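Let's learn to read a structure by asking about its features in turn. Please have a look first.

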Amino acid sequence: MPFQFRRTCAIAIASLCAAVASAPMAQAANVLIENVTVIDGTGRPPMERASVLIKDDRIFAVSPVAMPHESGVQVINGAGKYLIPGLIDTHIHLAGGNMKDGKPAFDHHMAVMALHSYLWSGVTTLFDAGHEPDFIFPIRDEERSGKIISPRLFATGNVITVPGGYGAGGHAFLVGTDWDAIRPTLDAYFKQRKPDMQKTLADRHGVFVPLNPSLSAEQFHNVVKLANENGIRVTVHAASEEDYNDALDGGMDNFAHVVRFPSSDALLRRVSTKRVVMTTTLSVHDYIVKLVNDPAFLTDPFFKATMPEEMIHEHKTVDRANFMRPNGNGTQSPFFLPIVAANIKKIYQMGGTLAAGTDRTWGPTLHMELDLLNKNGIPMIDVIKMATLNAAMYLGKENEFGSIERGKLADIVLLNADPLKDVKNFQAIEAVYKGGQLIDRGKLDVPANEKAGTKKK
Ligand SMILES: [Zn+2]
């Protein structure tokens, strides 16, 4: 078995959560939400007029019948409301981690605004799929110590590729032919930084710059073995059929993207029959296509509520111009989008495990991903599973969170409208709880609070 994620990690996280719960900035309370429709994230049909009891940071009970009111338990009438697990984005690159001329130009405030945009949007867990370790791991520490209000943050930090390979510049470890030469460096990195999941890159075809060197099955195997010895899972950015097969031959079973090229049914069956989890990342392509063709979508109230005006302006001008360069992402994304969508649909029909992820930087984009998946023919009940339980599975945390089930961390979102009826109803957020703590959305650093004048210092 390539992956035997150590339970001790999950236990360590749980005790951290307990520590956060007792921090003065946010108190976990005992709460009973009754008369509510529960969509539990497992793909099971909704449970109507249910009761969900939260004690401390955990879900204590989920009951199809009314439960007695205990003293010390706040009762919330959930009539006409819907309870879903906190949403999870399995592929982000947190804003604010920029480098300038090879030197850190980190923007901590922007990172916090981005984290708040996710909480505002009902997203309670994130996986950062690649950043400078000096940027992302201190922010992860701040989240876990309760210093900042943030979704649960998991991160890889450095990525791993081969010399001259895809992503070889910047924050990458280069694994050459001499494994023994890099092994001690990687081992030290794992022990010092403790990435939650290590990301590797294999993208031999590129698109307009084809034939990059790429990690071989043997190199994958070495990385996976060393990472697992350190209790760390490994995920792969793979692009083509060949990259996927090499990664699978090397023991990988976790992918940061769905295969992005036309691929054989044999490969799609291979990833669907093994216990492989793949992140969907449709919205990165959709976002780019939209930005190039008509950036008006950024004036949607949901974006404006969370994204500062200067940033919207920058996306419409600087980013758009970048995407429109010859051979830029603006030319590639219209090509990728339908292929990724078709592969997702086939993998879904073959029973594969898909996890929602955006490869973007801001909260509302996960809602774009939900919409794209649903428009691609996946029933909303399964789309929700992809953004909750399957996403937790991608992180190896499905026993800790990702569904509304007894014993799980109480990461939940209360909605005022039925998310199964319309994707816009995911925006009808009444309350967000992380580990049983009610997130005070009025205190989040998002433009909506500035405009409403409710932002408290
Ligand atoms: Zn990415």
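**Reading the features**

Q: Where does H131 lie?
A: Helices and strands are DSSP runs, numbered from the N terminus; a helix (H or I) needs at least four residues and a strand (E) at least two. H131 sits in the loop between strand 9 (123-128) and helix 3 (133-145).

Q: What should I know about the model and its numbering?
A: This is a predicted model, in which local features need pLDDT of at least 70 and side-chain atom pairs count only at pLDDT 80 or more, while totals for chains, interfaces and linings use all residues. Residues are numbered from 1 along each chain as its sequence is written, and side-chain values use heavy atoms, with hydrogens and water left out.

Q: Is H131 buried or exposed?
A: Buried means under 20% relative accessible area, exposed means over 50%, and partly exposed is in between (1.4 Å probe, protein chains only). H131 has a relative accessible area of 9%, so it is buried.

Q: Which residues does H131 touch?
A: Contact means heavy atoms within 4.5 Å. Not counting residues up to four places away in sequence, H131 touches H93, L94, G97, I136, G157, N158 and H171.

Q: Which side chain makes a polar contact with the side chain of H131?
A: A polar contact is a pair of N or O atoms within 3.5 Å; within protein, one must be able to donate a hydrogen and the other to accept it, and residues adjacent in sequence count only if both atoms are side-chain atoms. Here the side chain of D128 is the partner, at 2.9 Å.

Q: What are the protein donors of the zinc ion?
A: Donors are N, O and S atoms within 2.8 Å of the metal (3.2 Å for Na, K and Ca); water is not among the atoms, so sites may look incomplete. The zinc ion has H91 (NE2), H93 (NE2) and D359 (OD) as protein donors, 2.0 to 2.3 Å away. Their spacing in sequence is H-x1-H-x265-D.

Q: Which parts does the pair H93 and D359 tie together?
A: H93 is in the loop between strand 6 (87-92) and strand 7 (99-100), and D359 is in the loop between strand 17 (353-355) and helix 12 (364-375), so the pair ties together parts 266 residues apart in sequence. H93 is partly exposed, at 22% relative accessible area. D359 is buried, at 18%.

Q: Which members of the largest nonpolar core touch the most other members?
A: A nonpolar core is a set of buried Ala, Val, Leu, Ile, Met, Phe, Trp, Tyr and Cys residues joined through side-chain atoms within 4.5 Å. The largest has 104 residues, and L94, L186, F255, M278 and F426 touch the most other members. Helix 2 (residues 108-120) gives the most to this core, with eight residues. Another core lies apart from it, with 16 residues, including I404, I412, A431 and Y433.

Q: What surrounds M278?
A: Leaving aside neighbours within four places in sequence, M278 is in contact with Y244, F255, H257, V258, V271, I347, T353, L354 and A355.

Q: Where is W120, and which residues does it touch?
A: W120 lies in helix 2. It counts as buried, at 15% relative accessibility. Beyond four places in sequence, W120 touches F302, A305, T306, I429, R441, L444, V446, A448 and N449.

Q: Where is T306?
A: T306 lies in helix 9 (residues 301-306). T306 is buried, with a relative accessible area of 0%.

Q: How many residues of helix 8 are buried?
A: Nine of the 11 residues of helix 8 (residues 283-293) are buried, and the helix is mostly covered. The buried residues pack against helix 9, helix 10 (309-323), helix 11 and helix 12.

Q: How many helices and strands does the protein chain have?
A: The protein chain has 15 helices and 20 strands. The radius of gyration is taken over C-alpha atoms; the globule rule is 2.2 Å times the number of residues to the power 0.38. The protein chain's radius of gyration is 21 Å, close to the 23 Å that the rule gives for 457 residues, so the chain is as compact as a globular protein of that length. Of its 457 residues, 60% count as buried.
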